[in-house]
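Open the model in your viewer and keep the sequence beside it. Each stop below says what to select and what is there.

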Amino acid sequence: MTQLPMLEPHVPVSLSSDDFLTFFDSKISNIRHKLNQVIPTISPEQAEAVEMEASIETSVTSVTLDCFTIVDQTERTSIITSSKSSTCLLDPIPTRLFKETFPLINDPILTMINASLETGYVPQSFKYAVVKPLLKKPSLDPSILANYRPISNLPFISKILERVVVKQLNCHLQDNSHFEDFQSGFRPHHSTETALVRVSNDLLLASEKGLLSILVLLDLSAAFDTIDHGILLHRLEQDIGIRGSALQWFKSYLSDRYQFVNVNGHSSQCTRVNYGVPQGSVLGPILFTLYMLPLGNIIRKHSINFHCYADDTQLYLSMKPDQNDQIEKLNACISDIKTWMTINYLLLNPEKTEVIILGPKNLRDALSAQIVSLDGISIAPNSTVRNLGVLLDQDLSFKAHISQACRTAFFHLRNIAKIRNILSKSDAEKLIHAFVTSRLDYCNSLLAACPKSSLRSLQLVQNAAARLLAGTSRRDHITPVLVSLHWLPVDSRIKFKILLLTYKALHGMAPSYIKDLIVPYQPIRTLRSQNAGLLVVPRISKSTVGGRAFSHQAPVLWNKLPAHGREADSVSTFKARLKTFLFGQAYCQTS
């Protein structure tokens with residue numbers, strides 16, 4: 001398939017670039033104004049107590065990052081070739097052309113990058129951003145300004161410089177254990193799926209024990225854009241140990257930044273950026289997670305479970321129905337979070353913050369009647385909430401999620417069917433994988449051991465996609481079609497995802513919070529199975545609830561793998577052997 005240039009989302013001509021710029025600027029100004037009015041109402045004692053809770057313990061012997069290391073041609077070339085070829089309006093030439101010609105100009109580029117690293121100065125031309133408004137959700141009305149978020153496009157060379165800095169910053173953070181264990185945003189081997197696997201695992205095990213769980217999904221207003229630069233620099237210096245020219249580089253990076261909006265070929269006036277980190281930049285996401293670093297300490301001191309993905313924070317607490325003190329503990333935690341966020345210029349949005357009670361139906365109904373709100377946040381009247389793109393229901397059955405995924409997938413299948421006759425089989429398969437299979441596979445490890453009746457809907461989608469691609473009739477048996485396409489059925493795809501995550505956890509390629517859920521089997525006596533790489537299967541009392549948790553499903557499925565699969569020496573080898581094994585299991589009757 002010939003790669004077409006990416007089409008920008010349509011913005012109505014009634015909305016001008018200046019309209020967007022005015023809206024984005026005024027939104028941040030209004031949030032800052034609102035927070036500046038609230039901050040004086042917080043007593044010094046309360047603010048000090050929250051700051052003490054949030055304080056990050058640093059050892060006097062901890063290593064500091066005083067300066068960046070200059071890079072050589074090999075590293076610079078690797079970063080450039082691995083970077084996306086997207087072009088910014090500020091780039092003098094298309095990025096593809098730059099990549100083809102950079103061997104001819106590599107010395108000046110390398111000199112410029114190293115000079116920036118050594119002097120702690122970011123060239124002013126690198127600090128201009130073209131803002132492209134992006135609809136928050138495809139279903140939202142494109143004529144309403146509030147439905148857009150600002151995405152910054154930066155010059156390609158500036159992003160190369162940022163990648164160099166991010167690489168060295170990540171090494172410093174990793175070597176000195178500065179990362180928050182339960183922050184999954186913008187980190188290698190972490191994803192929305194790993195975050196949800198851990199959260200759902202904890203909630204399922206709590207339900208297994210007959211406990212109720214309260215899940216709170218906190219929502220922040222324009223979090224990336226309200227970050228206070230002074231607070232961020234203080235955090236980098238005092239908590240992360242960045243000093244000297246490295247700290248000076250970050251000061252230069254954050255100062256004197258400018259942006260303008262470009263829509264429908266027209267650009268707005270240029271305006272100075274006084275707050276926030278640019279969304280769409282390489283460095284912005286990691287700076288945001290470091291800004292949020294103290295939040296985990298506050299939540300831990302209240303003994304509340306939590307997980308973060310960038311600016312999405314979820315709190316969850318499991319309890320017996322009569323443990324009202326647990327609710328008070330959650331209230332106190334949310335109150336301290338609101339105070340900390342306020343004095344750090346982050347605005348908690350109670351209208352979009354959601355609460356849901358999970359667990360046995362008879363118990364949760366009784367608890368719902370007792371709780372009207374949590375520190376001013378109303379209990380969601382609906383029985384589902386959207387968490388990192390997945391619909392969670394009170395039973396954690398994922399029926400609502402499956403239903404929506406099927407509706408969306410069939411919608412795209414119908415559109416692809418309209419143009420199928422002008423597409424090659426290869427092009428059609430790419431479209432199906434991009435718009436249909438990706439939705440079937442998104443966070444599908446959460447669907448482990450779901451009833452066959454629930455998975456049947458997803459299988460019908462895959463069957464329809466296979467028939468559309470192969471051009472077969474609905475009357476034809478589907479198994480030969482799936483076999484000819486080398487597609488694993490839905491149930492096997494779920495097992496594939498779980499086993500791949502298990503393999504990665506055992507080999508240091510998954511978050512520590514996933515690795516903690518699986519335990520290698522260590523026999524008391526010397527047995528033949530000692531070197532078989534088996535896992536301990538935890539005991540459960542109700543296979544329909546706790547048996548669906550990753551900590552149970554992973555060892556059950558892993559121990560059924562043949563030894564040569566478990567002993568694979570690389571991810572690619574493991575994936576190939578795993579697909580062969582699951583393919584044989586799924587279609588052995590037809591072979």
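The tour goes from the cores to a hairpin and then to some charged pairs.

This is a predicted model, in which local features need pLDDT of at least 70 and side-chain atom pairs count only at pLDDT 80 or more, while totals for chains, interfaces and linings use all residues. Residues are numbered from 1 along each chain as its sequence is written, and side-chain values use heavy atoms, leaving out hydrogens and water.

**Stop 1: the cores**

Select Ile214, Leu236, Phe250, Leu283 and Leu315, the residues with the most contacts inside the largest nonpolar core, which has 85 residues. A nonpolar core is a set of buried Ala, Val, Leu, Ile, Met, Phe, Trp, Tyr and Cys residues joined through side-chain atoms within 4.5 Å. Buried means under 20% relative accessible area, exposed means over 50%, and partly exposed is in between (1.4 Å probe, protein chains only).

Next, select helix 6 (residues 156-175), which supplies the largest share of this core, 9 residues. Helices (H or I, at least four residues) and strands (E, at least two) are DSSP runs, numbered from the N terminus.

Which residues does Leu283 touch, leaving aside its neighbours within four places in sequence? Leu283 is in contact (heavy atoms within 4.5 Å) with Glu162, Val165, Val166, Leu169, Trp249, Phe250 and Tyr253.

Then select Ala465, Ile518, Leu535 and Phe550, which are among the members of a second, separate core of 73 residues.

**Stop 2: the hairpin**

Select strand 14 (residues 384-387) and strand 15, which run antiparallel and are joined by 4 bridges. Two strands pair if DSSP finds at least two bridges between them. Thr384 has Asp393 in strand 15 as its bridge partner. The hairpin has 2 residues between its strands, and Leu388 in the turn has a positive phi of about 50 degrees. On strand 15 (residues 390-393), Val390 and Leu392 face one side, Leu391 and Asp393 the other, and all are buried.

**Stop 3: salt bridges**

The whole structure has 10 salt bridges, each a side-chain nitrogen of Lys or Arg within 4 Å of a carboxyl oxygen of Asp or Glu.

Select Lys167 and Glu75, whose side chains meet at 3.6 Å, N to O. Lys167 lies in helix 6 and Glu75 in helix 3 (residues 73-82), so this pair ties together parts 92 residues apart in sequence.

Finally, select Arg364 and Asp395, a salt bridge with its closest N and O atoms 2.7 Å apart. Is Arg364 buried or exposed? Arg364 is buried, with a relative accessible area of 5%, whereas Asp395 is partly exposed at 47%.
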